[in-house]
Structure formats: C-alpha cells, structure tokens
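Student: Hi! Could you walk me through this model?
Tutor: Happy to. Here it is, and then we can start with a term we will need.

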Amino acid sequence: MSDLKRKRNVLNVEQKLKILQKLENGESASPDTEDALNKGNTISHSTALQSAETLLDYMGQRGFDYGDITAVRKIRVDIRQEMNKQQK
C-alpha cells in the first residue's frame, strides 16, 4: 500500500452559500459543487497513463474479459492523444 494520503476537500463559507442560494432558487448546484471539490485535484497525463498501464497488467494477470481490457486500452489511447494535444 502507498503512504499517499488523500486530501480532504472542504467547501469554504462563500462556496457553501453560493450552492445553497442556487438550490433555494431551484437551480442545479452540481457544476459549482464539482468545480469547488475538484479544484487542485488533477493528476498529470503521465500519471494517468502509468495507472492505465498498471491496470492493464493487473487485468491481464487476473484474466479479465477481453472487452474490459479493450475498454482500458481505449482509455490509454485517449490519454496519449490528450498528452500529444497539450504538447503541441
């Protein structure tokens, strides 16, 4: 197991008020909530690619269904394409 600790996301008062006001007005607060909670929680493309490779290795060892492995391979291709876009 990794010694990596998961960062706990906490909304500040201003963010909470904004979300509550939207809810009271019958609006959806999902995008604001997701934005507030995901801020600073991004991983690099290389980390995502490494995770996909590790998952593929695991799936191969455990005999996962071909369709599932193909889906993860597609994700790996998508990550590589996104990396190439950002490098240009």
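Tutor: Contact here means heavy atoms within 4.5 Å.

Student: Thanks! Which residues is L49 in contact with, leaving aside its neighbours within four places in sequence?
Tutor: L49 is in contact with R76, I79, R80 and M83 once those neighbours are left aside.

Student: Before we go on, what should I know about the model and its numbering?
Tutor: This is a predicted model, in which local features need pLDDT of at least 70 and side-chain atom pairs count only at pLDDT 80 or more, while totals for chains, interfaces and linings use all residues. Residues are numbered from 1 along each chain as its sequence is written, and side-chain values use heavy atoms, with hydrogens and water left out.

Student: Good. How many helices and strands are there in the protein chain?
Tutor: The protein chain has four helices and zero strands, giving the pattern α-α-α-α along the sequence. Both kinds of element are DSSP runs numbered from the N terminus: helices are H or I with at least four residues, strands E with at least two.

Student: And what share of the residues is buried?
Tutor: Buried residues are 16% of the 88 residues in the protein chain. The cut-offs are under 20% relative accessible area for buried, over 50% for exposed, and partly exposed in between, with a 1.4 Å probe and protein chains only.

Student: What does the accessible surface come to?
Tutor: About 7700 Å² for the protein chain, with 51% of that belonging to carbon and sulfur atoms. The areas come from the Shrake-Rupley method with a 1.4 Å probe, and for residues only the protein chains shown count as cover.

Student: Back to contacts: how many join residues at least 24 apart?
Tutor: The figure is 45%, taken among contacts in the protein chain between residues at least 6 apart in sequence.

Student: Which residues make up the largest nonpolar core?
Tutor: Five residues do: A48, L49, A52, I79 and M83. The elements giving two or more residues to this core are α3 (45–62) and α4 (66–87), and α3 gives the most, with three. By definition, a nonpolar core is a set of buried Ala, Val, Leu, Ile, Met, Phe, Trp, Tyr and Cys residues joined through side-chain atoms within 4.5 Å.

Student: What about V72, buried or exposed?
Tutor: V72 counts as buried, at 9% relative accessibility. It is found in helix α4 and touches A52, L55, L56 and M59, not counting residues up to four places away in sequence. V72 and L55 are 17 residues apart in sequence, with their C-alpha atoms 7.9 Å apart in space.

Student: Switching to charges: how many salt bridges does the count come to?
Tutor: The count comes to four, where a salt bridge is a side-chain nitrogen of Lys or Arg within 4 Å of a carboxyl oxygen of Asp or Glu. One of them joins the side chains of R76 and E53, at 3.4 Å from N to O. R76 lies in helix α4 and E53 in helix α3, so this pair ties together parts 23 residues apart in sequence.

Student: Which residue does K74 form a salt bridge with?
Tutor: K74 pairs with D78, their closest N and O atoms being 2.7 Å apart. Both lie in helix α4, four residues apart, about one turn of the helix.

Student: Last topic: how many aromatic pairs does the structure hold?
Tutor: One. The rings of Y58 and F64 have centres 6.0 Å apart and planes at 55°, so the pair is tilted. Rings of Phe, Tyr and Trp (its six-membered ring) pair if their centres lie within 6.5 Å; planes under 30 degrees apart count as stacked, over 60 as edge-to-face and the rest as tilted.

Student: Where does F64 lie?
Tutor: F64 is in the loop between α3 and α4, and is partly exposed at 38% relative accessible area. Y58 is partly exposed too, at 40%.
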